[in-house]
Amino acid sequence: MAAAIARPAPSRSPLPRLFGRGGLALVIGAYTVYTLGPFLWLATMSVRTTGEISADHYAWPRPFHWEQFRVAWVDSDFATYFWNSTIVVVTAVAVVTLVGAAAAHALARYRFAGNRLVYGILFSSIIFPPQITLISLYQILVDYNLYNSLVGLTLVYISLQLPLTVYLLEGFFARIPQDLFDAAKMDGYGDLEIFRRIVLPIGMPAIATTLILNFIQLWNEFLFAVVLITDPEKRTLPIGIRAFMGDHFQDIGMIAAGVMISVVPVILAYAFFSEKLIRGMTAGAVK
Amino acid sequence: MASTSSLAAVPAAPAAERAAPRRMTDPRRASLPVLAVFLVPALAVYAGLTAYPAFRTIYDSFFTIEGMERVPVGLANYRELLGDETFWVAVRNTFVWAFVAPILDVATGLLLALALYAGVPFARFFRIAWFTPVLLSYVVVAILWMWLYNYDWGVVNVALRAVGLDGLTRSWLGDPNTALAAVIVTHAWKWAGFNMVVCLAAIHSLPSEVLEASELDNCGWGAKLVHIIVPMLRPTLLNLYVLAFIGKMKVFDLVWIMTGGGPLWATETVSTYVYKRAFNWNTFDLGYPSAIAAVWFGVVCAAVLLLNRVFKSKERLEY
Amino acid sequence: MAVVQLDRICKRYGGGGPPAVDDVDVTIGDGEFMVLLGPSGCGKSTTLRMIAGLETISSGTLSIDGRVVNEVPAKDRDIAMVFQSYALYPHMTVAENLSFGLRRRKTPAPEIERRVREVAEILGLAPYLARKPHALSGGQRQRVALGRAMVREPMVFLFDEPLSNLDAALRVNTRNELIKQHRRLGSTMIYVTHDQVEAMTMGTRICVMNGGRVAQVGAPLDVYWNPADTFVARFLGSPPMNLFAATLAEPGRVEAGGLRSRLTRWRPDALAPVVGRDVMVGVRAEDLSLDREAAGPEAGSVAGRVFAVEPLGAETLVSVELERGVECTARLSRGVQARIGEAIELFFPPTATFLFDAATTRAVPASAPLGAVH
Amino acid sequence: MTKRLAGAVLGLAFAAAGSAGAAEPSQITMWSNWPDEPAKRDWVSARVKDFEAANKQCTVKLSFIPKADIYTQAKSAVRTGQAPDIFYMEPDQPEFLAGGFLEPLDGHIDLAGLEDWAKPAWTSKGKVYGLPVEAYTVELYYNKDAVKKVGVDVPASFQLSQAGFLDLVKKGAAAGITPVSQGVGDRPFPGGLLLFESLLRKLGREDYGRLLSGELSYKDPRVASVMTWFRELVDAGAYPKSFATLKLGESHYYFYQKPGALTFPDPSWFTGRAFAPPESGGMPADFPLGIMQFPAMDEGACPTCKTLAVAGSFVMYSRGKNKDCAGALLKSMATVDNGTKWMEQVSLQTGLKSDPARIKSPREAYFGELNARNTNVSYFFGTPLFHYRAKCAETFTQVMNNAFPAGLISVGEAADKMDAACRKSS
């Protein structure tokens with residue numbers, strides 16, 4: 001389908017007519033099936049019993065076994081997992097945004113010796129394979145009594161997302177005209193107030209973008225959660241799903257229901273915030 | 001790590017420098033206390049939860065650590081690494097993935113963004129639909145795609161059989177010839193939407209005059225793409241490539257859940273190998289996996305620097 | 001109200017190179033409207049930012065009202081500034097933008113309210129107080145920027161090319177508005193621009209800068225008629241003053257290429273130092289005419305061929321090539337009919353002649369004032 | 001700004017401190033595998049409940065965690081003093097013992113409650129380190145009806161010959177029924193079961209032991225002949241096409257529900273999954289399950305040999321803070337009574353002593369058949385992964401478990417790779 005878009009059309013008509021309505025629709029339709037198809041398939045399976053699924057993997061659910069969702073919810077501690085994930089992810093995202101924004105602001109705005117060095121150091125940690133720090137991080141958390149605690153996991157999540165946050169926000173903050181800062185200085189504001197009253201509000205589109213990206217990534221984080229959390233009451237959603245899969249080893253229908261439970265809120269949230277995400281990304285690029 | 005010295009310097013002398021009004025008059029400068037307030041939290045998080053563990057890992061790589069005992073072995077772990085066949089297979093697979101797959105990701109993302117930019121109806125719906133895979137966790141994506149690749153009833157083989165191409169059906173994840181490609185496709189499926197959103201944002205920010213001018217120049221769609229859009233998006237595309245590259249150099253979750261590195265190490269990546277050596281082999285030695293991790297960190301850094309040099313791109317991702 | 005005194009102010013940036021601002025020595029009187037004029041990169045904005053406290057002063061002293069403020073942060077200098085980009089806070093309404101500085105200074109709320117109202121009334125912004133900047137036109141934004149400075153009621157106003165983002169008509173309006181406000185407030189104002197019209201019309205004095213140094217300070221017309229060097233001479237005036245290279249063979253008259261001129265403004269002893277040396281003879285475009293009689297008995301002249309004619313409506317610019325590489329432009333009346341390629345001779349009164357030393361570019365001081373009929 | 005941040009962090013820290021402080025001093029933690037195997041889970045829960053009822057001074061925090069996660073977590077946890085007091089372990093993870101992380105049970109439990117054959121799996125320097133709850137033999141389950149349908153009669157010895165098994169495979173493949181249901185999607189050993197059981201019967205216990213300890217080469221002619229035969233099975237289509245990705249749970253389903261297969265080589269903990277309710281994927285009640293012996297090899301040294309192994313065991317953490325309670329719990333588990341209950345409820349062998357006379361299993365028929373296949377056999381102790389370590393174990397997983405039975409590499413290549421990784425150079 002990629003080739004279809006790229007095919008040169010000897011036309012100088014505006015974009016919409018460039019390669020014909022038909023071709024475009026076909027490509028778009030095909031790609032939508034490709035992205036949504038598997039997901040919808042999963043959705044149908046979530047309301048079918050495993051017996052029905054193995055009889056025909058692609059049949060339309062008949063009847064709809066909505067009770068699978070109830071069973072999945074009751075059977076496993078999805079409520080707990082949700083709550084844990086929410087606490088950890090929301091706290092981590094809030095803190096990393098604040099900490100990252102402060103650092104990004106300092107790096108974008110102030111000239112000081114070692115500015116680029118600090119930036120490079122912070123950014124370079126994006127390169128670290130997580131396995132590199134996993135074991136030591138584990139030991140450190142134990143040293144500070146933060147192992148198997150949501151606080152420890154939150155701290156680790158903050159450190160995980162810090163480089164990306166600084167990277168994205170620094171780029172955006174650097175584009176805020178210096179005049180605004182000068183004006184605020186003339187208006188009598190100090191550095192911290194300028195950050196709070198000027199940078200944060202103006203940076204909101206970019207901050208929204210990093211909030212969303214950080215949220216998605218942490219909501220789905222698995223590796224650190226599995227190593228750093230052992231208490232079933234402290235499991236986050238991805239480990240919860242894994243455990244749930246373990247509990248229902250060959251019950252495809254039930255697994256699908258569990259997966260749907262975990263996925264739907266994120267998709268709804270994205271559908272709600274997607275405009276902001278795009279705007280945030282665009283806002284930085286348009287000056 | 002060169003970082004440690006500068007890390008220490010910032011919080012060390014805030015009081016001494018407080019009386020530096022000279023700096024205050026230039027809004028692009030800030031006194032040390034102010035800088036400290038802004039930077040210390042981030043640097044503290046970095047130092048405590050990234051630099052220190054990383055340093056510890058590198059330190060560990062000069063030991064053999066069995067149980068509670070650590071025996072200094074000098075460079076032995078590194079020497080062993082040179083002769084470790086599995087490691088080199090993992091390096092090869094990771095390189096293939098890291099250099100090839102981002103092209104797939106970025107190209108798909110760009111073309112999708114162009115399709116949306118071309119002004120299709122329901123653009124908002126498509127944007128959400130195409131972004132959906134990004135929202136799914138690797139665990140979910142892995143389950144889903146293992147079902148899709150199922151030999152007996154997976155979509156891929158069912159579709160092939162439906163069009164009479166029974167000969168092409170295979171156990172996609174079980175065949176060393178296709179396993180890596182199959183996992184790469186899955187990974188691309190997950191990430192294309194992200195690239196699409198970034199490209200879309202970048203296209204929207206292109207000055208429309210240039211696009212209009214190119215139309216006056218009787219510039220065809222293909223020509224416009226090649227001569228106008230791609231060159232103007234170049235910084236964005238290159239940055240996406242580098243970001244994707246870094247991501248692939250670390251790729252772990254998906255492989256681990258889908259194939260565990262098999263069959264016959266065909267999908268082994270450096271990350272899965274490190275993890276395997278650290279957590280899955282029935283030995284406790286942390287020194288060797290630490291050595292792999294340390295070497296790999298160096299390789300990734302070098303590769304990123306090299307890419308930046310090749311692309312000569314000082315421009316950064318446009319957000 | 002305040003006197004702003006710049007005493008040998010220098011600005012050097014790290015990394016060597018010539019200083020951006022070099023030894024600027026100017027005193028701006030109380031209530032004066034001082035215009036810093038010069039091409040981009042001449043150091044005028046840097047000077048302004050040093051006064052504002054947005055840039056450190058490398059050496060020299062800056063004092064406001066007798067108080068040395070080199071080390072005083074911007075917020076404590078009681079100065080307001082209007083930026084070229086307006087620097088309106090995009091996330092605040094007009095009212096919030098106006099009151100932002102006052103809120104910081106702990107001004108009582110009713111007082112803030114009163115001042116914002118007042119300024120909004122004066123500038124005609126009252127209907128827009130609840131809007132955000134992106135919903136305003138360029139002129140309205142400019143007025144908000146001005147208003148933001150005015151509500152502060154500062155000792156000194158600074159303007160950094162505040163009109164350059166406006167279209168021509170609006171620019172004229174706003175210019176008049178600013179003059180009006182200066183008269184009303186009577187505050188000291190320092191205004192940076194590269195536009196000579198703004199400088200001539202607004203400034204009580206102008207300070208022409210070039211390459212980081214002050215080229216000349218004075219009342220607008222004084223600077224216009226007595227430029228200190230070729231740079232000032234050419235920078236003020238549109239089109240720029242015509243300069244002709246020549247060698248002063250004898251005192252009293254000069255001939256070079258198509259140029260012929262008598263130097264009646266200089267007594268021989270004034271010319272003595274430049275006799276036999278290379279000089280630049282200057283004639284403003286508006287002093288050239290086709291009418292020999294009007295130029296008087298000792299009229300100078302230039303002869304050449306027309307190579308460009310630009311009718312501007314009110315007048316016509318005619319460009320003449322005297323010989324290869326030597327050109328001059330005349331501002332002639334709108335009725336002039338000139339054809340390209342046509343040979344032409346233009347005349348000017350000897351009293352409209354300027355003379356500069358080619359080696360130093362400095363003007364040769366005249367013995368008699370400029371006596372053109374204007 | 002920073003104040004707010006500090007406040008948030010402090011708040012969290014307090015919340016954590018609060019929950020930590022609430023812990024009872026006599027509480028011990030215990031991790032068990034088998035979240036997905038109800039019978040075993042119930043057995044463990046019941047033992048813990050009994051113990052808590054009898055010992056008021058101890059409470060037990062019991063978690064059921066998938067095996068892979070237990071290993072990952074325990075591996076980090078033991079190093080830092082954070083491992084639970086009691087956790088699940090199998091003898092194929094010897095590094096815990098070697099690293100000194102396990103507490104010898106000698107002083108805590110009555111060793112007489114353990115079967116003598118089960119002790120060696122956990123014995124080191126004369127001490128026993130694990131409570132061998134789960135034991136198993138490697139069995140060859142089959143679908144009686146399907147085998148009959150393809151025209152093969154299982155002899156009275158319940159053991160086919162080398163050629164007979166090949167014939168069974170070919171007939172199954174010809175009839176479109178997968179001969180051997182097996183997959184290696186989530187386990188490192190199932191692909192090796194058939195081959196290594198055959199090698200055991202060919203080589204006899206002693207030489208098989210030498211093979212697993214690296215003293216005997218995979219190029220040995222006897223080994224080569226079994227591998228060649230095995231390769232014939234593979235080429236005849238013995239395994240499902242989805243072999244590489246089929247998970248253990250799925251291969252169960254594959255065997256007794258859909259699409260169905262002739263045989264299913266599996267350790268006898270087969271029952272943990274098979275006897276789950278059919279609607280959540282277990283074996284249908286009327287499934288014609290049979291157990292046969294793995295085929296006898298031509299000129300095999302020991303046709304009656306069989307692998308016996310200890311699997312799920314409970315170990316005590318050597319740095320546990322409450323060894324008294326932990327020891328008491330393990331002690332309360334190691335009784336004949338509990339062994340009998342395990343056999344009854346789980347339908348699986350145990351390393352705990354049991355009283356066969358008292359077993360009243362609802363799966364009597366199955367148990368009878370399992371016992372019948374285990375009379376007059378001589379056991380070899382331990383699966384290949386119990387003997388293999390590190391690179392050798394990894395190579396076993398990739399080559400013998402996966403690539404070779406998948407037909408990806410030849411007999412010679414497989415032998416080369418195994419020798420390279422496992423052969424002792426001496």
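Biologist: In which sense do α8(A) and α11(A) cross, left-handed or right-handed?
Modeller: Helices (H or I, at least four residues) and strands (E, at least two) are DSSP runs, numbered from the N terminus. A crossing is left-handed if the near helix is turned anticlockwise from the far one by less than a right angle, and right-handed if clockwise. By that rule the crossing of α8(A) and α11(A) is right-handed.

Biologist: What pLDDT do local features need in this predicted model?
Modeller: Residues are numbered from 1 along each chain as its sequence is written, while chains are lettered from A and ligands numbered from 1 in the order in which they are written. This is a predicted model, in which totals for chains, interfaces and linings use all residues, side-chain atom pairs count only at pLDDT 80 or more, and local features need pLDDT of at least 70.

Biologist: How does α8(A) lie to α11(A), roughly parallel or roughly antiparallel?
Modeller: Axes are lines fitted to C-alpha atoms, for helices over the stretch in contact, and angles between N-to-C directions run from 0 to 180 degrees. Angles under 35 degrees count as roughly parallel, over 145 as roughly antiparallel, 65 to 115 as roughly perpendicular and the rest as oblique. Helix α8 (residues 150–173) of chain A packs on α11(A) at about 155 degrees, with the axes 10 Å apart. Therefore α8(A) is, relative to α11(A), roughly antiparallel.

Biologist: How many nonpolar residues are in the contact of α8(A) with α11(A)?
Modeller: Residues are in contact if their C-beta atoms, placed from the backbone, lie within 7 Å. Ala, Val, Leu, Ile, Met, Phe, Trp, Tyr, Cys and Pro count as nonpolar, Asp, Glu, Lys and Arg as charged, and the others, Gly among them, as polar. The residues of α8(A) that meet α11(A) include A:Tyr157, A:Gln161 and A:Phe172. By class, the residues of this contact are no charged, six polar and, as nonpolar, seven.

Biologist: How many polar residues are in the contact of α5(A) with α11(A)?
Modeller: Helix α5 (residues 78–109) of chain A and helix α11 (residues 204–219) of chain A pack at about 140 degrees, with their axes 10 Å apart. That angle makes α5(A) oblique to α11(A), and their crossing is right-handed. The residues of the contact divide into ten nonpolar, no charged and, as polar, four.

Biologist: Which pair of chains has the most contacts?
Modeller: Chain C and chain D do not touch, and their nearest C-alpha atoms are 18 Å apart. Among the five pairs of chains that touch, the most contacts are between chains A and B.

Biologist: Which helix gives the largest share of the side of chain A that touches chain B?
Modeller: In this interface 93 residues of chain A are in contact with 86 residues of chain B. The largest share of chain A's side, 15 residues, comes from residues 252–285, which form helix α14 of chain A.

Biologist: In which sense does α5(A) cross α3(B), left-handed or right-handed?
Modeller: α5(A) and helix α3 (residues 32–60) of chain B pack at about 125 degrees, with their axes 8 Å apart. The two helices are therefore oblique to each other. The crossing of α5(A) past α3(B) is left-handed.

Biologist: How far apart are the centres of domain 1 and domain 2 of chain C?
Modeller: Chain C is divided into domain 1 (4–225) and domain 2 (239–357), with bounds that come from an automatic or database domain assignment. Taken over C-alpha atoms, the centres of these domains of chain C are separated by 39 Å.

Key: Two residues are in contact if their C-beta atoms, placed from the backbone, lie within 7 Å.
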